[in-house]
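User: Could you walk me through this structure with a few questions and answers? I would like the cut-offs spelled out as we go.

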Amino acid sequence: MKKLLLALLVAGLLPFDVHAGMSERDLQVAARTFGFVSGIPKGEVIVAIVHDPANADSKSEADELNNLMGGGLKVAKHTLKPKLVPINAIDLSGTKVAVVTAGLSGKFSEIFAAASGANIMTISSDFACVDSKQCLMGVAAQPAVKIQVSQAASTATGLEFSQALKMMITESE
């Protein structure tokens, strides 16, 4: 069963160019986990893209993700729709997932405070966010798929993962 679920998780992913921040493939891997998380319904999922407009890396990643999700990115049983959220005006209303972009390490706790109070799943390709217990999930699709979940962040947000997903991920404190 573990092999089958892992195959389903990575099936259909396309190669991409390596760059900083969350890639299309990282986003697809993360989105394939949504069906295994309590609190994220099937269908349309509004994804907050939390970014710093004054930070070139953060803004670039936010623009890329916004363009990628544009009119709706279909992944498994979800259609992802973007909501650009500048760090200086965090408004996560209407969202179920928040992507924490590059360059926000000094703002992890502020973002997590807004997200955890509203049961919003925070994801990032920056594993320091997960290690600091301020992001629920870290995702990397290259060179191999890696999904790391913060148990503390999971408890704080009230979001739970199915046993099937727990067999495929790395859980940290």
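Analyst: Happy to! Let's begin with a definition: buried means under 20% relative accessible area, exposed means over 50%, and partly exposed lies in between (1.4 Å probe, protein chains only). This is a predicted model, in which local features need pLDDT of at least 70 and side-chain atom pairs count only at pLDDT 80 or more, while totals for chains, interfaces and linings use all residues. Residues are numbered from 1 along each chain as its sequence is written, and side-chain values use heavy atoms, with hydrogens and water left out.

User: How far apart are the end C-alpha atoms of helix H3?

Analyst: Helices here are DSSP runs of H or I with at least four residues, strands are runs of E with at least two, and both are numbered from the N terminus. The expected span of a helix is 1.5 Å times one less than its number of residues. For the 14 residues of H3 (residues 56-69) that predicts 20 Å, and the distance between the end C-alpha atoms agrees: 20 Å.

User: Within what arc do the buried residues of H3 fall?

Analyst: The buried residues in H3 are Ser58, Glu61, Ala62, Leu65 and Met69. Taking directions from the helix axis to the C-beta atoms, these residues line one face of the helix because they fall within an arc of 100°.

User: Which residues are exposed on the other side of H3?

Analyst: The buried residues of H3 are covered by elements including helix H2 (24-33) and strand S1 (43-51), where contact means heavy atoms within 4.5 Å. On the other side, the exposed residues are Ala56 and Asn67.

User: Which residue meets Lys59 in a salt bridge?

Analyst: A salt bridge needs a side-chain nitrogen of Lys or Arg within 4 Å of a carboxyl oxygen of Asp or Glu. With an N to O distance of 2.9 Å, the partner is Asp63.
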